[in-house]
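Here are my notes on this one, written as numbered points. Have the sequence and the 3D view open while you read.

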Amino acid sequence: MSYTPDIPSEPHAVCYHAAGKPSEVLRYEPLPAADPQAGEVTVLLEMAVVHPSDLGMIAGTYGRLRPLPAVAGREGVGRVVRVAPDVSHLQIGDRVRMPEDAGVWREVVTTDAATLHPVPNDIPADQACMAFINPPTALLLLNEFAKLNPGDWVIQNAANSAVGESVIQLAHFAGLRTANLVRSPQKTAARLKELGADLVVADDKDALGALNAALSGKKPLLALNSIGGPSAITLIRSLADNGVLVTFGGMTADPIRFPTREFIFKNITCRGFWMDRWARTSAKSSVSEVFGKIYEHIRNATLRLAVDSIWPIADYASALERAAAYGRDGKVLIKGPAAAAS
Ligand SMILES: NC(=O)c1ccc[n+]([C@@H]2O[C@H](COP(=O)([O-])OP(=O)(O)OC[C@H]3O[C@@H](n4cnc5c(N)ncnc54)[C@H](OP(=O)(O)O)[C@@H]3O)[C@@H](O)[C@H]2O)c1
């Protein structure tokens, strides 16, 4: 066994005792982990992600909240460092998804081994830690809502988000074409085109005209909305007859106003998607299958998620500040004690 990381003598976690603004309610507190009992393992944090939904969960506005006090963070990977004698399917050094419900922004956790998702060791930690929410969301959005064939167009807003960049790459791999709305095309268009975007357009009042001109009669069958407000209206108006708008985020908190003409004359359908519900209501084998596809894309470099910066967990406040900054370039990650050893 070549993997012998140290468990910190006084492990810490990023905790909150009341819902509120992350900068006001989060504390970096000692939180030890017990020795593993029957059926348990102890896992040391390798790498975690800062998501918009982490902030919603801490603020008390997300669709599912944790009993308080709670540890923050939803997505990350860790390494098994202690194993109860009766656990045979996990070994010291194995990589697993950090257990989400216990909270992920913690240095160490002892948990039921049977509930952990093993994660391949042969993909980079900075990609592995982002494999469970955004890329699966992108894959399911592309697969579950419209019957798409190679050459068909999909349109999305916030195309430079982690979900958006996953959609571009997974759609490109599947032979689909993407029309992409972004706030700052000067900054992001070149990168999105490198990832396989077919069209990148400024998400402003002229967006529909620009789309119509560039698509010359071709209409998307699927529109993916994580913004709301006027941007969602542009998506709806761009759709083909019988097209589907799927809303999975609301970055502006601006409600979707559905244009009546499109609803009636074009028979547009408006749906919602929540990965959390999908993962909790689907068979474990389906969830593992989707994660497996994402690992494969990462391994084959057909999916790469941009990383803006990586911060030690003790410096979580700087990580959150950076995550909220306009113009960051990819995801903000938090690294734990297993990162140095991997
Ligand atoms: N329903 C689900 O299951 C599910 C799953 C995953 C993600 N999501 C949601 O999907 C969205 C994207 O998540 P992510 O992690 O991929 O995001 P991300 O990588 O953090 O990117 C955020 C995106 O939102 C844009 N944005 C932020 N504030 C905006 C504003 N006021 N107006 C317009 N655009 C704005 C950013 O554009 P700039 O770069 O121009 O700032 C960027 O494109 C979030 O709403 C998230 O909660 C939902």
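1. A crossover counts as right-handed if, with the strands pointing away from the viewer, the path from the first strand over the helix to the second runs clockwise. Helices (H or I, at least four residues) and strands (E, at least two) are DSSP runs, numbered from the N terminus. With that in hand, look at β13, helix α9 (residues 260–265) and β14: together they make a right-handed β-α-β unit.

2. Before we go on, a word on the model: it is predicted, so local features need pLDDT of at least 70 and side-chain atom pairs count only at pLDDT 80 or more, while totals for chains, interfaces and linings use all residues. Residues are numbered from 1 along each chain as its sequence is written, and side-chain values use heavy atoms, with hydrogens and water left out.

3. Back to the strands of that unit. Strand β13 (residues 244–247) and strand β14 (residues 269–272) run parallel and are joined by four bridges; two strands pair if DSSP finds at least two bridges between them. Thr247 has Gly272 in β14 as its bridge partner.

4. You can find another such unit in β15, helix α12 (residues 316–323) and β16, again a right-handed β-α-β arrangement. Here strand β15 (residues 307–312) pairs with strand β16 (residues 331–335) in the parallel sense, over five bridges. Pick out Ile310 and you'll see its bridge partner in β16, Leu333.

5. Now for an antiparallel case. Strands of a sheet pair through backbone hydrogen bonds, either parallel or antiparallel. The open sheet with the order β2-β1-β4 has three strands and antiparallel pairing. Its edge strands are β2 (26–30) and β4 (70–71), each pairing on one side only.

6. How is the chain split into domains? The domain assignment gives domain 1 (12–130 + 305–341) and domain 2 (135–276); such bounds come from an automatic or database domain assignment. Their C-alpha centres lie 31 Å apart.

7. What does the interface look like? In contact terms (heavy atoms within 4.5 Å), 14 residues of domain 1 touch 11 residues of domain 2. The two domains bury about 890 Å² between them, 53% of it on carbon and sulfur atoms. Buried area here is the accessible area (1.4 Å probe) that two parts lose on being put together, summed over both.

8. Side chains of opposite charge can pair when their charged atoms come close. A salt bridge is a side-chain nitrogen of Lys or Arg within 4 Å of a carboxyl oxygen of Asp or Glu. By this rule there are 21 salt bridges, and the count between domain 1 and domain 2 is three. Elsewhere in the list you'll meet Asp329 and Lys187, whose side chains form a salt bridge at 3.9 Å, N to O.

9. Another salt bridge to click on is Glu100 with Arg64, at 3.2 Å, N to O. This pair links distant parts of the chain, 36 residues apart: Glu100 sits in the loop between β6 (95–97) and β7 (108–112), and Arg64 in the loop between α2 (52–59) and β4.

10. Which residues does Gly39 contact, leaving aside its neighbours within four places in sequence? They are Ala84, Asp86, Val87, Thr111, Asp112, Ala113 and Ala114. Gly39 itself is in the loop between β2 and β3 (40–49). Its C-alpha atom is 8.4 Å from that of Thr111, although the two are 72 residues apart along the chain.

11. Finally, two backbone details. The peptide bond from Leu68 to Pro69 is cis, with omega near -5 degrees, and Pro69 lies in the loop between α2 and β4. Ser216 is not a glycine, yet has a positive phi of about 30 degrees; look for Ser216 in the loop between α7 (207–215) and β12 (222–225).
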